[in-house]
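The sequence and structure come first.

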Amino acid sequence: MQGAIDKRFKVGDSTLYSAAYGQNYQQYQKFFFNLVRRHGNMISGFQRKNRKSTITVPNQADTDQLTDDYNKVIRFCEDRDNFQEYFSQSFENGADVGINWLWMYMDYTNDPVSGDIFTDSVAYNNVLWDQNFHKMDLTDCQGIWRRRWVSKNAAMSLLPGYASEIKKMKPSGAKDGRFPLQAELQNLQLSNLFTYDEYYYRTTRRAKFIHDTYTGESVMWEPDDDDPDNLLEIILASQPWLKVIDKDIPTVKLCLSIGDHVVYHGQNLLSNGSKIVDSYPCVPHLCYHEPDILSYSGRIMGYIRNLRDAQFLYNMRKVIELQLLQSQVNAGWIFPVDAVVDQKAFRQNSGGEAFLIPLKSGRLPNEIQRIEPSAIPQSLLELSRSLADDITKISGVNEELLGMADDDKSGILSMLRQSAGLVTLQNIFDKSDTTQRLYGKLRLQTIRCNMTKGKIAAILGHEPDPRFFLSSSQKFDVAVEEGNYSTTQRQMELQQYLHFKQLGIPIADKTILRAAFITNKKQAIEEMEEQGQQQAQMNQMQAQQQAELDKSKSMANMAKARSDLAKEKELMASAAEKYSQIDENIANAQHKTIQADLDIVKNLVELEDMDMRNIRNNLEVADLIKNITVNQQSPKGDL
């Protein structure tokens, strides 16, 4: 009931005041100045602007190809069932009333073998659930009941195996009184519709686990339809150290009924034979969840719940302001009873023109007195503005997020204030991310259990990784996360390539162009390759010319070096020649010196026969001659 009131506040239903606040509040007013919806539009608009894709990331070093296969198949399924739009609808409805359900189901209309995985956004008033659940993965939720209203032909298409029984059945209409807030109950033709109830409840089932005593690893045994019946015995015989453990594991079962007739009771319809999905086919989209308080209506609520009082008071004040404004035209009159011709004249509304008050003959205008209306106090207008501001403060949406900031602030400060405003709503967006991850895990399990290898190969364009259909791969090898949203898988791939290119990783241009989603891409690639070839030829010619230029420069340098070497040798030879001339001059000088000494000796020999008494004189004369000779050979000025 509280969720229904929240929705009426969002759409601006002016008749809800008596239901929310009783019969004593301004029942005559018909105005609704809706300030709530814009806050919801901001929250849901931010989610739509920042949509995310469901991706898998590798946990092991050798699982990149496996995650690529998973991502392509997940993206194929999301594009086929328009998942992003249903997810945004679910987020918006969950933010309004506190909870909404993302529901997964199999449709075999176009693929009777594997089926197609579709998504539905189910509102709060179409589902009953265990109010005591705490976890968003619903592992502690004991039961979920969903009701739909379908025609006889729709019921036969939903349950083709029970077509003959459904033909004999008659619609019972709304006799049980359950789901009283469903919109379908307003249908006048409800007596021609069947109630299609899906009741899911948590229980246990028996499962086999294979335990490796050497490695300590345990894997649940899931036989394939193509496997022989005795495959497990063959494996145990070939590997005797393996042990089989039987144990109970939690699972979810379904009970289907048309009207009051139960038509199915068994495993989840997302399961396929021995491959069983042990979880609910739905994930909740929560806003504010307080599971530990006593009040049921307070455990789950949306952003509107706390805005209702401020919205009501704002409307009431606006109505009072309008009444005061209208009273300015004609507040009232004081007059004698027999002064006017018709008393109804005092109840006229001018509508912007003057109105007439006819007086009886003999009466004067000063006998009637107008009651002056009270002025609209400024405090009343200020209170209205304060109530409008209270709505903004309570919702956690500031003026920057609404685009209403009127102060002159810098862009950086405005961005900081926007970020601060988003922090107050971060828990809502974090819950939405958790919902998307949980739904991605559920989709991955459903793909593994229902899609055939041939269909997976057709989606991928090649054979899938051998570990694609193993339950252990989804448990240990990959993790489901949310990534940047793009319209197609190629655009997301293109964004990643461009991001790596900006980081400096050498991504080839052809690789980026191949991932781009453009028209005439083949022609663009051919022209790019042709341009690349021309550029390569030009680069080759430039390289050859540069090589020849470098060779000529090298030869010129060698010739210059040889010339410099010859000049150096010539200088060295000239220096050696000068040194030899100097040596020759020294030798000539020494020769002349020795020749002079020899001449002296010869002169002395010729004097042998001279008298001994003349020897002394002769020697003195010889010394004198020698000294004279030496002095003559020395440069001038040495004397």
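## Overall composition

Of the 639 residues of the protein chain, 35% count as buried, where buried means under 20% relative accessible area, exposed over 50% and partly exposed in between (1.4 Å probe, protein chains only). This is a predicted model, in which local features need pLDDT of at least 70 and side-chain atom pairs count only at pLDDT 80 or more, while totals for chains, interfaces and linings use all residues. Residues are numbered from 1 along each chain as its sequence is written, and side-chain values use heavy atoms, with hydrogens and water left out.

The secondary structure comes to 20 helices and 15 strands; these are DSSP runs numbered from the N terminus, helices being H or I with at least four residues and strands E with at least two. Among contacts (heavy atoms within 4.5 Å) between residues at least 6 apart in sequence, 68% join residues at least 24 apart.

## Nonpolar cores

A nonpolar core is a set of buried Ala, Val, Leu, Ile, Met, Phe, Trp, Tyr and Cys residues joined through side-chain atoms within 4.5 Å. The largest one has 57 residues, and Trp101, Ile144 and Ile447 touch the most other members. Leaving aside residues up to four places away in sequence, Ile144 touches several residues, among them Trp101, Trp103, Leu138, Glu198 and Cys282. A second, separate core of 18 residues includes Val36, Phe91, Leu425 and Phe429.

## Helix α14

Helix α14 spans residues 426–450, and its 25 residues reach 36 Å from first C-alpha to last, close to the 36 Å expected at 1.5 Å a residue. That expected span is 1.5 Å times one less than the number of residues. Because 18 of the 25 residues are buried, α14 is largely enclosed by the rest of the structure.

Asn427 lies in this helix and is partly exposed, with a relative accessible area of 30%. Its C-alpha atom is separated by 9.9 Å from that of Leu286, 141 residues apart along the chain.

## Packing of α1 and α5

Helix α1 (residues 2–11) packs against helix α5 (residues 83–97) at an angle of about 110°, with the axes 8 Å apart. Axes are lines fitted to C-alpha atoms, for helices over the stretch in contact, and angles run from 0 to 180 degrees between N-to-C directions. The two helices are therefore roughly perpendicular, a label for 65 to 115 degrees.

Gly3, Asp6, Lys7 and Lys10 in α1 meet Glu92, Asn93, Asp96 and Val97 in α5.

## Ser473

Ser473 lies in helix α16 (residues 471–477) and is buried, with a relative accessible area of 1%. Ser473 and Gln60 are 413 residues apart in sequence and 9.9 Å apart in space, C-alpha to C-alpha.

How values were computed: Angles under 35 degrees count as roughly parallel, over 145 as roughly antiparallel, 65 to 115 as roughly perpendicular and the rest as oblique.
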